[in-house]
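Hi everyone, thanks for making time for this. Let me put the sequence and the model up on the screen, and then we can walk through a few computed features together.

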Amino acid sequence: MTPQTIAIIKATVPALQAHGEAITSHFYRIMFESHPEVKAFFNEAHQAAGSQARALAGAVLAYATHIDRLEEIAGALPRIIQKHAALGVLPEHYPIVGGCLLQAIKDVLGDAATDEIIAAWGEAYQSLAALLIAAEEEVYRANAAQTGGWRGEREFRVARREQESEVITSFYLEPTDGGPLLTFSPGQYLTLVLNIDGEPLRRNYSLSDAPGKPWYRISVKQEEGGRASNWLHETAKPGTLLRVQAPCGDFVLQPAGERSRPLVLVTGGVGITPAMSMLESVAHTGRPVHFIHAARHGGAHAFRARVDELAAQHANVKPLYVYDTPRESDPPHATGFVTRELLAQQLPPDRDVDLYFLGPKPFMKAVYASGLALGVPKQQLRYEFFGPLEALEA
């Protein structure tokens with residue numbers, strides 16, 4: 001980008017701070033109206049809640065703010081790239097997004113969006129798009145080149161399903177071509193390419209078992225009003241065929257290295273699913289694992305029996321269950337919520353742990369704040385979060 005373009009983009013930061021969410025909300029409206037074929041790439045629940053527009057507004061603002069220092073936002077790019085690759089975003093989708101984004105800027109800012117500003121944002125968008133397209137192509141190419149890998153969609157069959165709690169069901173997926181499965185890193189997810197009542201949908205679901213099995217397992221919570229989750233719970237039976245994109249995601253269990261730090265897995269609700277993949281992968285290694293899970297009560301708690309089984313087999317696995325509305329039939333270890341005090345009791349004095357956490361947004365905000373306050377190094381706090389980081393730190 002030219003120095004002039006960079007200067008113009010920087011000058012638009014105040015306007016983005018004031019009108020960013022209005023721009024991105026309008027962007028989604030006009031894009032879905034003019035290009036309904038891309039709606040399948042977006043979660044309508046996130047759209048309805050406004051979280052997708054807020055997340056995009058935060059990303060656009062961060063890009064504009066750091067347009068002359070892109071290394072400041074480089075850490076956010078792997079998550080975007082992995083999400084795009086998981087969904088199957090292709091180069092031909094970028095002109096659609098770019099054209100609608102520029103139109104939204106014009107519509108919301110009116111006369112303030114001069115031809116010079118629109119041209120500068122067009123150049124800035126093309127620069128970022130070229131970077132993302134190249135990086136996503138590398139992901140597609142790498143996945144296809146590995147044993148068991150593929151590019152695009154692959155057909156799988158539901159081999160079996162198991163009830164894990166009153167609201168969570170596991171689906172075991174096996175490829176119909178009988179070929180090997182691409183390995184994955186614990187914490188990654190699959191994308192199901194669905195068609196429900198004639199409407200295409202794409203949904204990400206965490207892999208909940210260790211890699212190296214002859215199946216992929218996803219464990220899905222039946223969400224009120226969730227079209228995909230309700231369809232899976234009500235319709236997907238053994239023999240049901242599904243189209244699946246290759247595993248992706250950067251919220252992954254990092255290699256332990258020569259000296260294994262204790263692993264602390266803190267989850268709430270269905271956030272337990274990627275943590276189960278991590279636990280299944282490390283339980284046998286001797287690495288200390290504190291497995292802290294919060295649920296409403298035992299009926300909503302998935303995988304309790306399996307975690308207890310692993311703890312009985314491996315002394316390094318220490319489970320702790322926290323219920324906020326416990327029932328007499330299934331008492332937890334603690335009642336209430338995962339507080340800073342409770343978390344402190346599970347951490348070594350030097351706080352030198354790898355702390356992974358996932359769950360509802362309020363839960364994640366609390367765990368993130370507690371981890372920082374207790375002295376866990378920020379780079380050792382690992383999470384997957386939908387939305388701008390500022391929303392987690394607020």
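Let's begin with a question: how many disulfides does the count come to? Taking a disulfide as a pair of cysteine sulfur atoms within 2.5 Å, the count comes to zero. Buried here means under 20% relative accessible area, exposed means over 50%, and partly exposed is in between, using a 1.4 Å probe and protein chains only.

A word on the ground rules. This is a predicted model, where local features need pLDDT of at least 70 and side-chain atom pairs count only at pLDDT 80 or more, while totals for chains, interfaces and linings use all residues. Numbering runs from 1 along each chain as its sequence is written, and side-chain values use heavy atoms, with hydrogens and water left out.

Now the overall picture. The protein has 13 helices and twelve strands; these are DSSP runs, H or I of at least four residues for helices and E of at least two for strands, numbered from the N terminus. Of the 394 residues, 51% are buried.

On to the inside. The largest nonpolar core has 46 residues, and L265, V266, L279, L355 and F357 have the most contacts inside it. Helix α9, residues 272-282, gives the most to this core, with six residues. A second, separate core has 45 residues, including I30, L77, A86 and Y189. A nonpolar core, by the way, is a set of buried Ala, Val, Leu, Ile, Met, Phe, Trp, Tyr and Cys residues joined through side-chain atoms within 4.5 Å.

Let's zoom in on V266. Leaving aside neighbours within four places in sequence, V266 is in contact (heavy atoms within 4.5 Å) with partners that include I292, V338, L343 and F363.

Back to α9, where T273 lies. T273 counts as buried because its relative accessibility is 4%. Not counting residues up to four places away in sequence, T273 touches S206, L207, S208 and S219.
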